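Here is a friendly tour of the fold, meant to be read with the model open beside you.

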Amino acid sequence: MSKTVFLDRDGTLNREIGFFGDPNRLELLPGVRTAMHRLHDAGYRLIITTNQSGIARGLYSERDLTAVHSRLHELVDGLPLAYLHCPHHPEPGPGNDPGYHRDCNCRKPNPGLLHEACTMLKDFGVTLDGATVIGDSARDLLMANDLPITKILVASGKPIEDQRCKLADAGCAPDHEAADLGAAVDWLLR
Ligand SMILES: [Mg+2]
Ligand SMILES: [Zn+2]
């Protein structure tokens, strides 16, 4: 059985502070490093999937995002197998980069990043069967709607009540709700 966990970034691994492209503003949430070690030690592959429309909005560059992810990678002892992001935004706007303006399939809640991970990392045994998604936003779980994936909503980022409503409206029921990543891992490894 595949043991892959797809982790959201902002509000799940690091504090939700809105758009940022400066590694110095990355603040890991309490317990995240330990939780990731527990998953890794239990044989899970860790893949980060994140919407980064700040790139399309002209707020920071792909290079800035790489620097943020390098910092994150250091802070969690190099455990993640991959970092996948959507740089796009579907709406044109002042300051937006037209090169990133598109209605893509990789912006969560679309499932594109999950499929991209499977294609890119199939040699590592990554498949969707038996996988898990963990995130603080409804769209982190909705990207796995209708897929055979365990869905865990965490309360460490966006207000959880709003996310519950969005999930209910979309007919998507989380398999579990947890206070934070540590508690999500407690449940997953129970
Ligand atoms: Mg998030
Ligand atoms: Zn995209």
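A crossover counts as right-handed if, with the strands pointing away from the viewer, the path from the first strand over the helix to the second runs clockwise. By that test, β5, helix α5 (residues 160–169) and β6 form a right-handed β-α-β unit in this model, which is a predicted one.

- β1 and β4 run parallel and are joined by three bridges; Leu7 stands opposite Ile134 in β4.
- β4 and β5 also pair in the parallel sense, over four bridges.
- Thr132 stands opposite Thr150 in β5, and the bridge partner of Val133 in β5 is Lys151.
- β5 pairs with strand β6 (residues 176–178) over three bridges, in the parallel sense, and Ile152 has His176 of β6 as its bridge partner.
- In β4, Thr132 and Ile134 point one way while Val133 and Gly135 point the other way, and all are buried.
- β5 is largely enclosed by the rest of the structure, because four of its five residues are buried.

- Which residues of α6 are buried? They are Leu181, Ala184, Val185 and Leu188.
- These residues sit on the same side of α6, because they cover an arc of only 100 degrees around the axis.
- An α-helix has 3.6 residues a turn, so residues three or four places apart point the same way.
- The cover over the buried residues of α6 includes α1, β4, β5 and β6.
- In α1, the buried residues Val32, Ala35, Met36 and Leu39 fall within an arc of 100 degrees seen down the axis, so they line one face of the helix.
- For α1, what covers the buried residues includes β1, β2 and α6.
- Just after α1, Gly43 takes a positive phi of about 95 degrees.

**The nonpolar cores**

- The largest nonpolar core has 36 residues, and those with the most contacts inside it are Phe6, Leu7, Val133, Ile134, Leu141, Leu181 and Ala184.
- At least two residues of this core come from each of β1 (4–7), α1 (32–41), β2 (45–51), α3 (112–120), β4 (132–135), α4 (138–142), β5 (150–154) and α6 (181–188).
- A second, separate core has five residues, including Leu26, Ile55, Ala56 and Val68.
- What does Leu181 touch, leaving out residues up to four places away in sequence? Its contacts are Thr12, Leu13, Leu29, Gly31, Val32, Ala35, Ile134, Val154 and Ser156.
- As general background, nonpolar side chains in soluble globular proteins tend to be buried together.

**A loop residue: Leu81**

- Where is Leu81 found? It is in the loop between α2 (62–75) and β3 (82–86).
- Is Leu81 buried or partly exposed? Leu81 is partly exposed, because 17 other C-beta atoms lie within 10 Å, whereas a buried residue would need 20 or more.
- Not counting residues up to four places away in sequence, Leu81 touches Arg45, Leu46, Ile47, Leu121 and Phe124.
- Leu81 and Asp129 are 48 residues apart in sequence, and their C-alpha atoms are 18 Å apart in space.

Note on methods. Residues numbered from 1 in each chain as written. Chains lettered and ligands numbered in written order. Predicted model: local features only at pLDDT ≥ 70, side-chain atom pairs only at ≥ 80, totals over all residues. Core = buried A, V, L, I, M, F, W, Y, C linked by C-beta atoms within 7 Å. Buried ≥ 20, exposed ≤ 12 C-beta atoms within 10 Å, placed from the backbone. Contact = placed C-beta atoms within 7 Å. Pairing = 2+ DSSP bridges. Arc of directions from axis to C-beta.
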